[in-house]
Amino acid sequence: MKFVCMKCESFMAFQKVENPAEQSLGVSFACPTCGAKVAMVTNAGETAMVQALGVKIGGRDTAAAPMELIRENLKEADGVLPPAIQATTQQEMLKEEMAKVAPAAGQTLPAGSCPFSSMVAKMGIAAPAGAQALEWTKEAKERIEKVPSFMRPMIEMGVENYARKNGITTISPEVMDASKNDMGEIVWSKAAESRLDNIPSFIRPMARKEIERIAKEKGMTEITDALMEETKSKFIGMGY
Amino acid sequence: MAEEKTLKEILKKIQFSDNAQVMKQLVDQSIQVKVRMGHIRRKIVVMSGKGGVGKSTTTANLALAFARAGHKVGVLDVDLNGPCIPKMLGVSGAFEIRPDGAIPPIGPYGIKVASMDFFLTEKNTPVRWKGAMELSPIWLGMFEMNVIREFLADILWGDLDYLIADLPPGASADKPPVIAGFLPELDGAIVVSTPSEVAKIVVRKSIVYARDIGIRMLGLVENMSGALCPSCQAPVPLFTEGGEGGATPAGCEDIARDLDLPLLGKIPFDVQIARACDRGIPLPLSHPTTALFDGMVTQIECSLNKKGAFVS
């Protein structure tokens, strides 16, 4: 904001700033030619605006101290504890609903019952009750170990479901490949897998997904060495 | 009318000198930010339109991953009213105030951390401002803007490779443009979302808004991508899409595709991750999520260095 002396046609010069009242600044200007004076008095809101800018009207004699704005304006804890939380209608309703789904006092949930069992069953990824234990070959176990741990149970269940459906009792890498086809998934040739192994391990899962996405776009069901060569440019510099 | 003309004519003739020195101080403040930020090679923000999606968790783990990769890292906790980065990184203490700046506390792998939390004396203490702010909170936004300026300008960050700012929740409003305004050389933003439809709706808006104000999007992180049942270890998607008969696991691929940004990774909901953040102890190096964040860092670096990356 600037003040103009209309009589002398000149800007008025800053004189001083003072605190005429609480939460108020008084900023005085004077015309350098005729000496006419004017004072601007700020209200609390306008004072807050100046304070929020972190500036001192009239300039500083010394530079601002580090983090001066925060340290000068942060209110100290006043030692008053927050009021106790009062029970609300919503909290009472929630208690009633929880009581309906929780077992009655003295009862326990059936052993092995899973809080997600109904959802898992709907999605068809749970093993049926009393299912026969299947044997995994050493090569199949090594292959499943390469899958990220949080995905492993899902993949294992999918393979085992396929095996049971087809009367297979021993799971080998070939069974794992066949189960992927059954789920509409893409198969990797040995040569393609070998090239994928050249990509750093922490990138490999993402690279696998990206290559499979490209294959699906092309309508391919198998990832070949030729496709890997074609997509090479995406991963140059990663040892692939 | 005549007076207006006269005023206009007067203003054309006379020159203003800033002897109240308000403009000079504002310019000096901006210069100080630029000088301090000039020692930092890359500045990134982590944002989301939605609260509770895991921005701070992502920020903390990205900082650890960058530091593990050998970089000098600083973390700025811009969530002034809900600071939690110090807790997640296991950092406590206070700024050491010197005439030339404030030395921040140091966390794991030498990560420098700046947060309002270091000014709060007890865990129940909220951030409250005294003086004129108490009477006129309408200027609070401008005040907080200058608090962020002080974090940028007054902290002795030193020479850093990466400064990562954890923004508070909010689709638009103030914090992204404030940061963008102070850091015209901001290298980009990482956006965090969960697969929830509600979250994705809001996150989309925040991405569009950030791009509108010139913030480059470096990628999207999908958090809470799934969970392992604590009883039978079956993987269970936390969010699904589709009707009763054909529910399928939901994801953030649609945002990545529609808004053309890389999906950097999918972080599962894992009790170990939550425990690590609550205790302020980094995840073990052998944990699969550690590798996920390491992978994200590689992608982000590739994107920043324009070496080609997983851009769909």
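Reader: Is Met67(A) buried or exposed?
Author: This is a predicted model. Met67(A) has 21 C-beta neighbours inside 10 Å. The cut-off for burial is 20 or more. Met67(A) therefore counts as buried.

Reader: Is Asp260(B) buried or exposed?
Author: Phi of Asp260(B) is near 55°, again positive in a residue other than glycine. Asp260(B) is in the loop between helix H9 (253-258) and strand E12 (263-269) of chain B. Its C-beta neighbours inside 10 Å number 12. A residue with 12 or fewer is exposed, so Asp260(B) counts as exposed.

Reader: How many residues apart in sequence are Asn81(B) and Pro126(B)?
Author: Asn81(B) is in the loop between strand E2 (73-77) and helix H4 (85-89) of chain B. With 10 C-beta neighbours inside 10 Å, Asn81(B) counts as exposed. From C-alpha to C-alpha, Asn81(B) and Pro126(B) are 7.1 Å apart in space. In sequence their separation is 45 residues.

Reader: What share of the residues of chain B count as buried?
Author: Chain B comes to 11 helices and 12 strands. Take its contacts with a separation of 6 or more: residues 24 or more positions apart account for 75% of them. The chain has 312 residues. The buried share is 46%.

Reader: Is H3(B) roughly parallel or roughly perpendicular to H11(B)?
Author: H3(B) and helix H11 (residues 288-305) of chain B pack with their axes 9 Å apart, at an angle of about 75°. Angles of 65 to 115 degrees count as roughly perpendicular. H3(B) is therefore, relative to H11(B), roughly perpendicular.

Reader: How many nonpolar residues has the contact of H3(B) with H11(B)?
Author: From H3(B) come Asn61(B), Leu62(B), Ala65(B), Phe66(B) and Arg68(B). They meet Phe293(B), Asp294(B), Met296(B) and Val297(B) in H11(B). By class, 1 residue is polar and 2 are charged. The nonpolar residues number 6.

Reader: Is H2(B) oblique or roughly parallel to H6(B)?
Author: Helix H2 (residues 22-37) and helix H6 (residues 140-154) of chain B have axes 7 Å apart and pack at an angle of about 45°. Under 35 degrees would count as roughly parallel, and 65 to 115 as roughly perpendicular. The angle between H2(B) and H6(B) therefore makes the pair oblique.

Reader: Is the crossing of H2(B) and H6(B) left-handed or right-handed?
Author: On the H2(B) side, Gln29(B), Gln32(B), Val33(B), Arg36(B) and Met37(B) take part. They meet Arg149(B), Leu152(B) and Ala153(B) in H6(B). By class, this contact has 4 nonpolar, 2 polar and 2 charged residues. The crossing is left-handed.

Key
Residues numbered from 1 in each chain as written. Chains lettered and ligands numbered in written order. Predicted model: local features only at pLDDT ≥ 70, side-chain atom pairs only at ≥ 80, totals over all residues. Axes fitted to C-alpha atoms, helices over the stretch in contact; angles between N-to-C directions. Helix = DSSP H or I, 4+ residues; strand = E, 2+ residues; numbered from the N terminus. Parallel < 35°, antiparallel > 145°, perpendicular 65-115°, else oblique. Left-handed = near helix turned anticlockwise from the far one by under 90°. Contact = placed C-beta atoms within 7 Å. Nonpolar A, V, L, I, M, F, W, Y, C, P; charged D, E, K, R; others polar.
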